[in-house]
Structures are given as structure tokens and as C-alpha cells.
Amino acid sequence: MAIRRITKYGEKILAKKTKRVVFDEMKKELPALLADMFETMDAVGGAGLAANQVGLDLRLAVIKIHREDEDPLSIVIINPELVEKSGSMYEDEGCLSFPGLFAKVRRAAKVKVRALNEKGLPIEINAEGLFAKALQHEMDHLDGVTFVDRLPLLSRLKLKPTLLKLKAQWKKIDERKMKPETL
Ligand code: CO
């Protein structure tokens, strides 16, 4: 296992729609890649990590939700598709590709997602709360969309100087100090 470098805002692969995974072609290398992605995400206290955040053009992501009095909920989504969404929430969000930046993003409160799991088997996920937020955030990544793209135009404009400043600092930041719900 190895910790991989996380791509940061401004790198082209974060703005690109990722390629669907052909499971049979990838099944040999997949376990090691997924182990690396979980290790990378855990090392910086993240709740989700998309393949393009470790520089790979693949439609897959890992999610790990920490829960009180229960084991964390860990899940792999390969070729995920949003099937249903309902309700609305408006909560702070962060992203491992934008260390130190948090902003309120409008998301659906509940989602239904179909994907393949790490064994290549079809799964259907019904999620709400932080899990729903993580699924939407990671699926956005796989479409080349970041949480900053989801902000209203005015917020984006206001954020621009902050983003430029952060961009200069990101190389120096100790990512391990990030908040646990960073996606
Ligand atoms: Co993110």
C-alpha cells in the first residue's frame, strides 16, 4: 500500500469527466489501487476520494463515513450513476483538492445511486445526510465538477482572491490537520 499524491485545484484532471471503468480489464490492479486510495484518504482524514484526485482518469471513488458508536461506513463506487434525489440541504463542505477551504453547498438531502462495488457486483445505495453529501460530491468529481463550481456566482467571485492565496499555500499545508468530514 502507498499514499498517493492528491491533485489540487487547478490541475486539469480535476476538470475532466472521467472514463467509465471496464471492470474485467481492471480487476487485477483494482485491489491495490483501492487500498492505496483508502490509505491516502485516511492519511488526511478525508471522507471521500475520487480517482481523478489521485491523478487517474477512472470513474470510481472511495467513501468512508465515520459514525458514532459504530464502525466507519466504507464503500467503493465504480461507474456510479445517480438514480433518484429528493429534498435539499445546505451545509459546509470541504475537499481534499482544496485544503483549508470550506463553503456551504446546496445538495439533495437523499439520493439513490447505482454502481458496481469492488467485486464488480451491482449495488444500489440509498443515502442521506453526510453519506448523501459525500456521494454527490464524489460523483461530481467524476464528472469534472468540484464543490466550488456548485457555489452561486457571487460566492465564487468573492472566493476568487482566497482561492488564489490558498493555491500558493497549498504546497506547504500539512494535510493531516484537515477536518474529518473533508470529502
Ligand atoms: Co473533493
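Just past helix α2, Gly 45 adopts a positive phi of about 65°. Helices here (H or I, at least four residues) and strands (E, at least two) are DSSP runs, numbered from the N terminus.

Some ground rules before the exercises. Residues count from 1 along each chain as its sequence is written, and side-chain values use heavy atoms, with hydrogens and water left out. The model is predicted, so to speak of local features takes pLDDT of at least 70 and side-chain atom pairs count only at pLDDT 80 or more, while totals for chains, interfaces and linings use all residues.

**Exercise 1. Describe helix α2 and what covers its buried residues.**

Step 1: get the span. α2 covers residues 30–43, 14 residues in total, and its first and last C-alphas lie 20 Å apart. That is close to the 20 Å expected at 1.5 Å a residue; the expected span is 1.5 Å times one less than the number of residues.

Step 2: list the buried positions (under 20% relative accessible area; exposed is over 50%, partly exposed in between, with a 1.4 Å probe and protein chains only). They are Leu 30, Leu 33, Leu 34, Asp 36, Met 37, Phe 38, Thr 40 and Met 41.

Step 3: find the cover. It includes α1 (23–26), β1, β2 and β3, where contact means heavy atoms within 4.5 Å.

**Exercise 2. Work out how β2 pairs with β1 and with β3.**

Step 1: strands pair if DSSP finds at least two bridges between them. β1 (residues 48–50) runs antiparallel to β2, with three bridges; Ala 50 has Ala 61 of β2 as its bridge partner.

Step 2: on to β3 (residues 70–86), which also pairs with β2 in the antiparallel sense, over seven bridges. Here Arg 67 is bridged to Glu 70.

Step 3: check burial. Six of the eight residues of β2 (residues 60–67) are buried, so the strand is largely enclosed by the rest of the structure.

**Exercise 3. Trace the salt bridges around Lys 17 and Arg 59.**

Step 1: A salt bridge is a side-chain nitrogen of Lys or Arg within 4 Å of a carboxyl oxygen of Asp or Glu. The structure has 19 of them.

Step 2: Lys 17 meets Asp 143 at 3.1 Å, N to O. This pair joins the segment before α1 to the loop between α3 (129–142) and α4, 126 residues apart. Lys 17 is exposed at 55%, whereas Asp 143 is partly exposed at 30%.

Step 3: Glu 81 pairs with Arg 59, the closest N and O atoms being 3.7 Å apart. Glu 81 is in strand β3 and Arg 59 in the loop between β1 and β2, 22 residues apart. Glu 81 is partly exposed at 37%, while Arg 59 is buried at 6%.

Step 4: Lys 17, Arg 20, Arg 59, Glu 81 and Asp 143 are linked in a salt-bridge network.
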